[in-house]
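Take a walk through this protein with the model open beside you. Find each residue as it is named.

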Amino acid sequence: MRHEIFPLMSKVVPEGKLGIAEVRHVTVTEEQSRFTEFGGSRSYVEAGRYAQLFVGQSMMMSDTPYERRSNYPIVRNATGRVLIAGYGIGMVLTAVLKKPDVTEVVVVEKTADVISLIDPSIRRHVGVRAAKKLKTITADIFQARDLMFGK
């Protein structure tokens, strides 16, 4: 399936906490999965193990099937130099970095703890060649846009 370009992030990024950033792994059982069927394709979660990124008390991203499906077009269309707003758990970033026709990826992430917690695992997973394409900037994407484009 097309969203299989994304790795299982619970196998890439270990559980951990650094400052206000935390990665948790959760297991959804068959029974729990059946309860999610009532919400339609957006809320349906297949049984399995998933990674979640929390910043403070807010879950920012996971690698559920919906996240994979909804982010697939981003990866499919990525070529050349790519700008990503937010590191997330690195799921989109990992898939984009592995594309041979992507020459550079700049990730703008406003929470330094997220970068420090997740970046080493992503670089290890993609390998030295792909990791050389990655640059990170600690900033809010809207402030970075204003600095780059003079707003």
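Begin with helix α5, where V114, I115, L117, I118, D119, S121, I122 and V126 are buried. Buried means under 20% relative accessible area, while exposed means over 50% and partly exposed lies in between (1.4 Å probe, protein chains only). Helices are DSSP runs of H or I with at least four residues, strands are runs of E with at least two, and both are numbered from the N terminus.

This is a predicted model: local features need pLDDT of at least 70, side-chain atom pairs count only at pLDDT 80 or more, and totals for chains, interfaces and linings use all residues. Residues are numbered from 1 along each chain as its sequence is written, and side-chain values use heavy atoms, with hydrogens and water left out.

After α5 comes G127, and its phi is positive, near 90°.

V13 sits in the loop between α1 (9-12) and β1 (16-18). Is V13 buried or exposed? V13 counts as buried because its relative accessibility is 1%. Leaving out residues up to four places away in sequence, V13 touches V23, H25, I89, I118, S121 and I122. A contact means heavy atoms within 4.5 Å. V13 and V128 are 115 residues apart along the chain, and their C-alpha atoms are separated by 17 Å.

Next, look at strand β3, which holds A51 and Q52. A51 has a relative accessible area of 1%, so A51 is buried. Q52 is buried too, with a relative accessible area of 16%. Beyond neighbours within four places in sequence, A51 is in contact with M9, S10, R24, H25, M61, S62, D63 and I89. With the neighbours within four places again set aside, Q52 is in contact with E22, V23, R24, V26, M59, M61, S62 and I89. Q52 and T27 are 25 residues apart in sequence, and 11 Å apart in space, C-alpha to C-alpha.

Turn to helix α3. Its 13 residues should span 18 Å at 1.5 Å a residue, and the end C-alpha atoms are 19 Å apart, which agrees. α3 bends by about 40° at N71, and the proline P73 follows within four residues. Buried in α3 are P65, R68, N71, Y72 and V75. Their cover includes α1, β3, β4 and α4.

Finish at the largest pocket, with a volume of about 560 Å³. Of its 26 lining residues, A85, G86, Y87, G88 and E109 are the closest to its centre. Elements giving two or more residues to this lining are β3 (48-55), β4 (58-62), α3 (65-77), β5 (80-85), α4 (91-97) and β6 (102-109). Which element gives the largest share of the lining? That is β5, with four residues.

A pocket is found on a 1 Å grid over the protein atoms alone: an open set of points with protein on both sides within 12 Å along at least five of seven lines, and lining residues have an atom within 4 Å of a point.

Note on methods:
On a 1 Å grid over the protein atoms alone, a cavity is a set of points where a 1.4 Å probe fits but cannot get out, and a pocket is an open set with protein on both sides within 12 Å along at least five of seven lines; lining residues have an atom within 4 Å of a point. Grid points are joined across faces, edges and corners, and a volume is the space filled by probe spheres set on the points. The expected span of a helix is 1.5 Å times one less than its number of residues. The bend at a residue is the angle between axes fitted to the seven residues ending there and the seven starting there.
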